[in-house]
Amino acid sequence: MAAADELFERNLDFFKIINPALAERLSNHEALSKLVFDEDGEPDVLFQGMKLYGKGAQKHVEQQIEQYWNSPGVITLTYDSVANMDSEGTRLLNDLKQFAEDNAVTFNEQRTTRNAFHLVVQGVGLGQHIEPLLADVKPRNLVLIEPNMEFLYQSLFCLDWKRVIGKVLEDGGNVHILTDGKSSGLIYDIRRIYTQYGRASFDGLTVYTHYENPAFYAVEKFLATQGEMLFSGLGFFEDELNMVANTYNNLKSGEEKVFLAHLDQLEFPVFIVGSGPSLDGSIEVIKANQNRAVIISCGTALLPLMRAGIKPDFHAELERGKVQIEIPEFVAQEFDISDVCLVGSTTLVPGVKEVFAKRVYYFRHMLSSFPVFSGNLLNCLRFPGPSVGNTGTSFAQDSGFRQYYFFGMDLGFVDETQHHSANTVYMEKGVKHESPINPWDRTMRGNFGGSVKAAHIYEWSRDTLEVSITNSSIGHTYYNCSDGAYIEGTVPLLPEFVDLPEPSEPKPVFVERMMSRFPVYTKQDFEKHWQDGKIIQDVREICDQMIASILDNSDLSTKRYIGELMKVVRPLAFDNSAALTVRGSTYLLLVVGEYFIDRIEQYDKKADLIGFLRDAYCRGIESMRDEVDVEISALQNTGRLLNRESWD
């Protein structure tokens, strides 16, 4: 037992280095269980007369791992996902196809290796399964989940933690030990860890469950059914260039107002109005209360409101496409919207100024345009996407409103032929705009009972709304008057029960005072931030660092190079415009390359494939580096990008 006690102390010292808070908990833990050994000297945990394994930990693990690999919990991408890339990723994909044809290389539909960047182990127990799993998967990012402190404590007596997981750390990998017993907390942590350490490495993510726990089931279900959210919104190079160019042209006049968040609370209630089909049944309620609440129309909700005689105080827009001009232009042909204040991303197409006379621009902190032109988080909306309904909600939250009413924020519907309000441009006969319909491939809980059909974007939007509400809930009340998806944190309220009191002051007076809080972005502000196109040099430096990270790793199959690249681009950082400009397309290059590295059928040709990919990665990064020089120089000289300008 002396050897076990000595191992315990060594493990505790190791934990003090890698996780001091957990080491403190383990040091003070008073065990309720007992470590026991079978006739072969294998350990087990005895708690209230029951053993965790029953046959010894090693015997149990050998059988469990064998069964696991017969039907492993590995999440993989489809070829269609990989084929749907930006121009940088598509160029690499086409070059790969040509390489394969020229070298008689073929690829399997399934992964031909167990190696994966991410390994999630649910349940540490006594930890005897960790070492063989590491040998099989060789992860660069290891997530260990153990909500039962008894098991973790007892493992210190029989598992040499430093020897087993220290190898991952010594080789530049990352290890995370999660002890939350709630699935919501675990899912939050996994999303954060995935995003920070391996955003491009969803393919092959391996999940191993060691023992039964309801929280583990929820994590498995999330990764299997909603894991695509981890893979969404990677961004891409051409889009980032346009984000910078549009912000440049929107703000260079020195006359535009920019958003500034305020902590003081606004007493006026606010209506957040989307264009879901239930809006039509709420129009009369909104109209009856329009002078008692600030009204924010979101995207295509503008036309139904105006046709009902309701002029919103603010109109929210998010994306940078030509639709964000064309649809308001269509509305302006029929109605006077000069008094409606646009709340728009700085990245909107500059022509939007011709449509809205009053404007307030906000920044999006994870776009390259933010650190170039601001860097002040108070100029940002915290949760502006993925849909324009999130934009309107975040604007209200970050402006200080406390009482919210959602109308037409359906995020789903019963009848897929009625996917928007009947008065939106999507339902207008003879109008070319069509709803960007996604496959209605899932259902969500209905706000007033039952369920509604939904798509990925609606589920993503709902999840983000729930996060924003959680982060803005103290002293706030949210009423969901929409007949669509239930949004956690809101109170379902039938529209007919909305009857607001008369305000203490006229709404126009309140809105004007609210507008006065948003500062003007002056010419001095512009010049201070733009610094004569300093982004060109910044991109050159970061691209050279990325190329060095690739060239320093001769064997890409170890996936070490991905971790090195992540240290350069810092996935959660938003203070470096150069990283944000090239980060998304770099991710997509890795997605394509890794997909084929892990599916090659001729093992003897894998080294040739890796050599080709190292060169191709570097060429792709060099191309982006050089294009930034050309495009930003053209922007400064002509006000336009040379080759990459896009409104799509």
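**Close-up 1. Helices α22 and α23 pack against each other in this predicted model.** Helix α22 (residues 577-597) and helix α23 (residues 606-638) pack at an angle of about 165°, and their axes lie 11 Å apart; here axes are lines fitted to C-alpha atoms, for helices over the stretch in contact, and angles run from 0 to 180 degrees between N-to-C directions. Helix α22 is therefore roughly antiparallel to α23, where angles under 35 degrees count as roughly parallel, over 145 as roughly antiparallel, 65 to 115 as roughly perpendicular and the rest as oblique. The crossing of α22 and α23 is right-handed, a crossing being left-handed if the near helix is turned anticlockwise from the far one by less than a right angle, and right-handed if clockwise. Among the residues that make the contact are Leu589, Leu590 and Phe596 of α22 and Leu613, Tyr617 and Met624 of α23, with contact meaning heavy atoms within 4.5 Å. By class, the contact of α22 with α23 has 11 nonpolar, five polar and two charged residues; Ala, Val, Leu, Ile, Met, Phe, Trp, Tyr, Cys and Pro count as nonpolar, Asp, Glu, Lys and Arg as charged, and the others, Gly among them, as polar. Helices (H or I, at least four residues) and strands (E, at least two) are DSSP runs, numbered from the N terminus.

Residues are numbered from 1 along each chain as its sequence is written, and side-chain values use heavy atoms, with hydrogens and water left out. As the model is predicted, local features need pLDDT of at least 70 and side-chain atom pairs count only at pLDDT 80 or more, while totals for chains, interfaces and linings use all residues.

**Close-up 2. Helix α11 also packs against α23.** Helix α11 (residues 237-251) and α23 pack at an angle of about 20°, with their axes 11 Å apart, which means that α11 is roughly parallel to α23. The crossing of α11 and α23 is right-handed. On the α11 side the contact is made by Phe237, Leu241, Val244, Ala245, Tyr248 and Asn249, and the residues of α23 that take part include Met624, Val628 and Leu635. The residues of the contact of α11 with α23 divide into nine nonpolar, two polar and two charged.

**Close-up 3. Helices α16 and α17 meet through a contact with six polar residues.** Helix α16 (residues 388-399) and helix α17 (residues 456-470) pack at an angle of about 5°, their axes being 10 Å apart, and the two are therefore roughly parallel to each other. Asn390, Thr393 and Gln397 of α16 make the contact with Ser461, Thr464, Leu465, Ser468 and Ile469 of α17. Besides the six polar residues, this contact has two nonpolar and no charged ones.

**Close-up 4. Five strands form an open sheet with mixed pairing.** The order of the strands is β4-β8-β5-β6-β7, and two strands pair if DSSP finds at least two bridges between them. Strands β4 (74-75) and β7 (174-178) stand at the edges, each with a single partner strand, so one side of each is left without a neighbour in the sheet. Strand β5 (residues 118-122) and strand β6 (residues 141-145) pair in the parallel sense over five bridges, and Val121 stands opposite Leu144 in β6. Helix α8 (residues 161-170) lies across β6 and β7 and runs at about 130° to β7. Helix α10 (residues 214-226) packs on the sheet as well, touching β4, β5, β6 and β8 (205-209), and its direction makes about 160° with that of β8.

**Close-up 5. Three strands form an open antiparallel sheet in the order β1-β2-β3.** The edge strands are β1 (34-37) and β3 (50-51), each of which pairs on one side only. Four bridges join β1 to β2, and in β2 the bridge partner of Val36 is Asp44. Two bridges join strand β2 (residues 43-47) to β3, where Leu46 stands opposite Lys51. The hairpin of β1 and β2 has five residues between the strands, and Gly41 in its turn has a positive phi of about 80°. In the hairpin of β2 and β3, which has two residues between the strands, Gln48 takes a positive phi near 50°.

**Close-up 6. Phe259 and Phe518 form a tilted aromatic pair.** A search of the whole structure finds 33 aromatic pairs; rings of Phe, Tyr and Trp (its six-membered ring) pair if their centres lie within 6.5 Å, and planes under 30 degrees apart count as stacked, over 60 as edge-to-face and the rest as tilted. The rings of Phe259 and Phe518 lie 5.6 Å apart, centre to centre, with 35° between the planes. Phe259 lies in the loop between β9 (256-258) and β10 (270-273) and Phe518 in the loop between α18 (507-515) and β20 (520-521), so the pair ties together parts that are 259 residues apart in sequence.
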